[in-house]
Amino acid sequence: SKREIKMRKLDSTKVRPLKSEQLLHIEEHDFALRPGFGGSPIPVGIDVQVESIDSISEVDMDFTMTLYLRHYWKDERLSFRSNKNKSMTFDGRLIKKIWVPDVFFVHSKRSFIHDTTVENIMLRVFPDGNVLFSLRITVSAMCFMDFSRFPLDTQNCSLELESYAYNEDDLMLYWKHGNKSLSTDEHISLSQFFIEEFSASSGLAFYSSTGWYNRLFINFALRRHIFFFVLQSYFPAMLMVMLSWVSFWIDRRAVPARVSLGITTVLTMSTIMTGVSASMPQVSYIKAVDVYLWISFLFVFLSVIEYAAVNYLTTIEERKQLKKRGKASGMYSMDAVQAMAFDGCYHDTDEDMDLSPFPEPCEENETRASQTNISNADTPRLKRKRSLKGNVGRIILQNNHVIDTYSRIIFPSVYIVFNFFYWGLYI
């Protein structure tokens with residue numbers, strides 16, 4: 001009646017609808033209900049444009065992606081008359097007054113709609129009631145990664161979309177343009193991965209209390225860059241193994257040199273292994289890089305054990321020789337190599353070799369020899385220099401143990417075979 005219309009105009013609590021809302025007849029419908037309530041499920045088409053993949057975290061097993069998410073559906077309650085058949089475009093302020101699909105990201109940890117300078121939301125309504133709803137979102141979601149082949153691995157991740165409240169009896173999600181519904185920016189790149197492919201797929205998800213739901217998948221495969229790990233892990237480990245082989249060419253009686261070299265390489269390998277494991281999640285299975293580093297560590301460790309065996313057998317051999325050459329006075333006669341191991345000097349005369357278990361320094365031996373042969377003082381020195389120059393190679397060769405000789409061949413050969421097998425298996 002005219003009286004009720006007049007009272008409505010005088011009521012200050014009523015907010016006069018905007019012109020666009022009057023054109024869409026928003027106040028005449030209950031938008032809390034989905035379009036076509038009570039009938040067949042409403043089809044909602046989806047297409048996605050991936051703007052960027054911001055990060056991949058192995059420790060947290062997740063990825064962060066920025067994308068444009070667009071929804072397509074038809075709501076006849078929003079149809080309007082238009083002489084020119086033009087659509088109307090709105091921002092996010094109209095979203096709260098109409099029905100929109102409640103799509104969410106399955107397995108997402110955090111997400112947000114960009115709001116600079118205003119909320120990145122667009123709503124476009126066509127005269128026949130077709131609606132386009134677009135928004136720009138950054139989402140972080142779980143990616144169940146398998147590190148058994150790390151760092152030679154390929155990870156398959158997916159971002160899953162699903163309606164939260166409406167099951168398949170009320171809402172049907174589908175890709176608007178099939179496989180072409182998923183598009184990507186040409187300049188997407190990651191520091192540690194090659195992006196091999198993007199694909200779209202769909203399926204169903206069942207919940208025991210609410211039923212079946214349509215689910216859409218954005219699938220992408222990531223192949224890891226190997227060069228970084230070659231420089232940071234594989235190449236240093238390879239150098240440490242080769243460095244440990246240097247001890248096979250060092251005098252077997254040079255205990256400080258060989259032991260310090262072995263301990264240094266062992267500690268360096270431990271540091272490399274600790275650095276790799278610190279940047280990875282604590283998984284319960286063995287990774288490919290663990291296999292390589294542990295076997296390299298084993299080679300370094302065996303080189304230390306090899307010298308322990310050489311030193312032990314050398315000690316036993318020398319004791320037997322000393323007993324055979326023992327004299328009645330309890331003094332022992334040693335060859336030049338054994339004497340050099342004790343006092344650090346080379347001896348080429350029998351008089352110098354006749355040493356006590358705790359020999360005097362080599363300077364005192366020279367003084368004693370010069371006092372005994374005063375007339376020929378210069379001759380032994382010249383002979384010694386010539387003898388030392390001519391016999392250095394012979395001393396080194398005679399001082400090699402048979403275990404060192406075999407180790408020079410066996411260790412490199414086995415390590416080369418292991419590398420061929422390893423890279424052939426994982427690449």
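1. Asp 75 is buried, since its relative accessible area is 1%; buried stands for under 20% relative accessible area, exposed for over 50%, and partly exposed for values in between, with a 1.4 Å probe and protein chains only. Its salt-bridge partner is Arg 77, and the closest N and O atoms of the two are 2.9 Å apart. A salt bridge here is a side-chain nitrogen of Lys or Arg within 4 Å of a carboxyl oxygen of Asp or Glu. Arg 77 has 16% relative accessibility and therefore also counts as buried.

2. On the basis of the note: this is a predicted model, in which local features need pLDDT of at least 70 and side-chain atom pairs count only at pLDDT 80 or more, while totals for chains, interfaces and linings use all residues. Residues are numbered from 1 along each chain as its sequence is written, and side-chain values use heavy atoms, with hydrogens and water left out.

3. The structure holds 17 salt bridges. One that links distant parts of the chain joins Asp 404 in helix α10 to Arg 258 in helix α4 (residues 255-278), 146 residues apart. The N to O distance for Asp 404 and Arg 258 is 2.9 Å. Helices (H or I, at least four residues) and strands (E, at least two) are DSSP runs, numbered from the N terminus. Asp 404 is buried because its relative accessible area is 1%, and Arg 258 is buried because its relative accessible area is 3%.

4. Glu 51 and Arg 136 form another salt bridge, with 3.0 Å between the closest N and O atoms. This pair too links distant parts of the chain: Glu 51 is in strand β1 (residues 42-57) and Arg 136 in strand β7 (residues 130-142), 85 residues apart. Glu 51, at 25% relative accessibility, counts as partly exposed, and Arg 136, at 21%, counts as partly exposed.

5. A network of salt bridges links Glu 58, Asp 153 and Arg 224.

6. Helix α5 (residues 288-324) and helix α10 have axes that come within 12 Å and cross at roughly 175°. Axes are lines fitted to C-alpha atoms, for helices over the stretch in contact, and the angles run from 0 to 180 degrees between N-to-C directions. The helices α5 and α10 are therefore roughly antiparallel to each other; angles over 145 degrees carry that label, under 35 count as roughly parallel, 65 to 115 as roughly perpendicular, and the rest as oblique. In the contact of α5 with α10 there are 18 nonpolar, 4 polar and 2 charged residues. For that division, Ala, Val, Leu, Ile, Met, Phe, Trp, Tyr, Cys and Pro count as nonpolar, Asp, Glu, Lys and Arg as charged, and the others, Gly among them, as polar.

7. Val 402, Tyr 406, Ile 409, Ile 410 and Val 414 make a nonpolar surface patch of about 500 Å². Patches are made of residues with over 30% relative accessible area and no salt bridge; nonpolar side chains (Val, Leu, Ile, Met, Phe, Trp, Tyr) are joined within 5 Å and like charges within 9 Å. Areas come from the Shrake-Rupley method with a 1.4 Å probe, and for residues only the protein chains shown count as cover. Ile 410 is in helix α10 (residues 402-426) and, at 46% relative accessibility, counts as partly exposed.

8. Ile 218 is located in strand β12 (residues 211-224). With 0% relative accessibility, Ile 218 counts as buried.

9. Two cis peptide bonds deserve a look in the model. Thr 116 and Thr 117 are joined by a cis bond with omega about 0°; Thr 117 sits in the loop between β5 (108-113) and β6 (121-125). The bond from Phe 150 to Pro 151 is also cis, omega being near 0°, and Pro 151 belongs to the loop between β7 and β8 (154-163).

10. Positive phi values in residues other than glycine are the last point. Met 61 has phi near 55° and lies in the loop between β1 and β2 (62-74); its relative accessible area of 23% makes Met 61 partly exposed. His 107 has phi near 65° and is placed in the loop between β4 (103-106) and β5. With a relative accessible area of 36%, His 107 is partly exposed.
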